[in-house]
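Visitor: I would like to learn how to read the features of a structure step by step, and I would be glad of the general idea before each case.

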Amino acid sequence: MAFEWNRIHKHEEQIERDIYERVTDYIFEYYGVQEINELDHEQIAEIQKFKDGLNEFSVMQWGFSDIINQWEDQNAIELSQNL
């Protein structure tokens, strides 16, 4: 019988959640915030710069990308509501 790993996607999802939680917890503690939308543009720019400096194969990039994307999505919604 050939090797197989049933439902491997469940393990991958858990790893992604773990990375997201670790990155989120660190960012929140570092900046003293409790939600992504409490971060300002300068802080997101600092986070982006840090992410860009990571090794291109770093799995931690997943978490940073998720945080940055969520912040951008939230701010795009707020900007569109203010127009």
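This is a predicted model: local features need pLDDT of at least 70, side-chain atom pairs count only at pLDDT 80 or more; totals for chains, interfaces and linings use all residues.

Guide: Let us begin with how elements are named: helices are DSSP runs of H or I with at least four residues, and they are numbered from the N terminus.

Visitor: What is the phi of Arg-7, which is not a glycine?

Guide: As a general rule, most residues other than glycine have a negative phi. In this model Arg-7 has a positive phi of about 60 degrees, although it is not a glycine.

Visitor: Is Arg-7 buried or exposed?

Guide: Arg-7 has a relative accessible area of 56%, and because exposed means over 50%, Arg-7 is classed as exposed.

Visitor: Which residues form a nonpolar patch on the surface?

Guide: The patch is formed by Phe-3, Trp-5 and Ile-8, which together have about 390 Å² of accessible area. Of these, Ile-8 is found in helix α1, and its relative accessibility of 35% makes Ile-8 count as partly exposed.

Visitor: How many salt bridges does a search of the whole structure find?

Guide: The general idea is that side chains of opposite charge can pair when their charged atoms come close. Here a search of the whole structure finds 1 salt bridge, in which the side chains of Arg-22 and Asp-18 meet at 3.0 Å, N to O.

Visitor: Where do Arg-22 and Asp-18 lie, and how does the accessibility of each residue count?

Guide: Both residues, Arg-22 and Asp-18, lie in helix α1, where they are 4 residues apart, about one turn of the helix. Arg-22 counts as exposed at 52% relative accessibility, whereas Asp-18, with a relative accessible area of 31%, is partly exposed.

Visitor: Which residues line the largest pocket?

Guide: In general, rolling a probe the size of a water molecule over the atoms shows where empty space is left. In this model the largest pocket holds about 210 Å³ of space, and its lining is made of Tyr-26, Ile-27, Tyr-30, Tyr-31, Glu-46, Ile-47, Phe-50 and Phe-64. The elements that give two or more residues to this lining are α1 (8-31) and α2 (41-53), and α1 gives the most, with 4 residues.

Visitor: What separates Gln-14 and Asp-40 in sequence and in space?

Guide: Gln-14 and Asp-40 are 26 residues apart in sequence, and from C-alpha to C-alpha they are 29 Å apart in space. Gln-14 lies in helix α1, where its relative accessible area of 44% makes Gln-14 partly exposed.

Visitor: Is Val-23 buried or exposed, and how far is Val-23 from Leu-39 in space?

Guide: Val-23, which is found in helix α1, has a relative accessibility of 2% and therefore counts as buried. Val-23 and Leu-39 are 16 residues apart in sequence and 14 Å apart in space, C-alpha to C-alpha.

Key: Residues are numbered from 1 along each chain as its sequence is written. Side-chain values use heavy atoms; hydrogens and water are left out. On a 1 Å grid over the protein atoms alone, a cavity is a set of points where a 1.4 Å probe fits but cannot get out, and a pocket is an open set with protein on both sides within 12 Å along at least five of seven lines; lining residues have an atom within 4 Å of a point. Grid points are joined across faces, edges and corners, and a volume is the space filled by probe spheres set on the points. Patches are made of residues with over 30% relative accessible area and no salt bridge: like charges are joined within 9 Å, nonpolar side chains (Val, Leu, Ile, Met, Phe, Trp, Tyr) within 5 Å. Accessible areas come from the Shrake-Rupley method with a 1.4 Å probe; for residues, only the protein chains shown count as cover. A salt bridge is a side-chain nitrogen of Lys or Arg within 4 Å of a carboxyl oxygen of Asp or Glu. Buried means under 20% relative accessible area, exposed over 50%, partly exposed in between (1.4 Å probe, protein chains only).
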